[in-house]
Amino acid sequence: EAIEKTSNGGGSLEGYCISLLMDTSYSMTGEKIADAKNALHKFIDGIDMNQNEIALVSFGDGVHLKEGFGGNKDNLKAEVDECQPGGATPLLKALEKSHDNFLAGKNKPVIVLATDGVPTDATKEVILEYAQVLKNENDVWILAVGIGRNVDENFLKDLATSDYYFYAELSEELCEIYDEIHDILEQLPSS
């Protein structure tokens with residue numbers, strides 16, 4: 001499906017419920033989690049919270065809605081900072097938690113997912129089927145970011161909407177990728 005570029009006059013994001021899915025599995029220990037936190041801080045700072053809503057869902061040692069829609073930037077960044085690596089990669093449950101949270105949002109739903117591994121709570125086929133329902137029946141945009149060499153790129157490409165898969169061989173590339181995602185969201189139709 002072609003994406004038509006829209007201009008809202010100011011080049012800023014308007015009208016999104018952005019659910020940030022942050023992989024906090026054990027494999028994210030060290031530089032990966034630190035770089036992911038820095039990238040999310042910068043991304044959150046670039047969002048106009050008067051026009052958009054952001055939620056944070058962490059998935060690793062369980063799945064947690066760290067901050068729901070309606071929060072403010074300082075609370076979101078504090079919740080990002082609280083995320084600690086541990087556990088496996090329950091990706092299906094994270095997508096389900098995001099979907100449940102979209103029911104409380106007012107705007108176009110967008111998932112921005114970053115992970116360094118393979119899902120552990122369901123088969124890839126089950127997750128891809130669920131993602132298709134989100135994309136087709138619920139009009140959710142999914143942007144996926146793979147981090148490091150252990151990620152299944154083909155799976156994440158299939159999970160993402162259109163061509164919205166990004167790869168960071170090194171976690172230090174995440175800030176640049178989240179900047180690119182911000183720019184893409186400026187061009188997507190929000191309704």
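User: By the cavity rule, how many cavities of 30 Å³ or more does the count give?

Analyst: The count comes to one cavity of 30 Å³ or more, where a cavity is a set of points, on a 1 Å grid over the protein atoms alone, at which a 1.4 Å probe fits but cannot get out. This is a predicted model, in which local features need pLDDT of at least 70 and side-chain atom pairs count only at pLDDT 80 or more, while totals for chains, interfaces and linings use all residues. Residues are numbered from 1 along each chain as its sequence is written, and side-chain values use heavy atoms, with hydrogens and water left out.

User: What makes a residue part of the lining of the largest cavity, and which residues are they?

Analyst: A lining residue has an atom within 4 Å of a point, and for the largest cavity these are M22, D23, M28, A36, L40, A114, I147 and Y178. The largest cavity has a volume of about 30 Å³, a volume being the space filled by probe spheres set on the points, which are joined across faces, edges and corners. Both β1 and α1 supply at least two residues of this lining.

User: What makes β3 and β6 edge strands?

Analyst: Strands (E, at least two residues) and helices (H or I, at least four) are DSSP runs numbered from the N terminus, and two strands pair if DSSP finds at least two bridges between them. Six strands form an open sheet of mixed pairing, in the order β3-β2-β1-β4-β5-β6. β3 (62-67) and β6 (165-168) each have a single partner strand, so one side of each is left without a neighbour in the sheet. Between β2 (residues 53-60) and β3 there are five bridges, and these two strands run antiparallel; L56 has E67 in β3 as its bridge partner.

User: How do you know whether the radius of gyration agrees with a compact globule?

Analyst: The radius is taken over C-alpha atoms, and the globule rule is 2.2 Å times the number of residues to the power 0.38. For 191 residues a compact globule would have a radius near 16 Å, and the protein has 15 Å, which agrees.

Technical notes
On a 1 Å grid over the protein atoms alone, a cavity is a set of points where a 1.4 Å probe fits but cannot get out, and a pocket is an open set with protein on both sides within 12 Å along at least five of seven lines; lining residues have an atom within 4 Å of a point.
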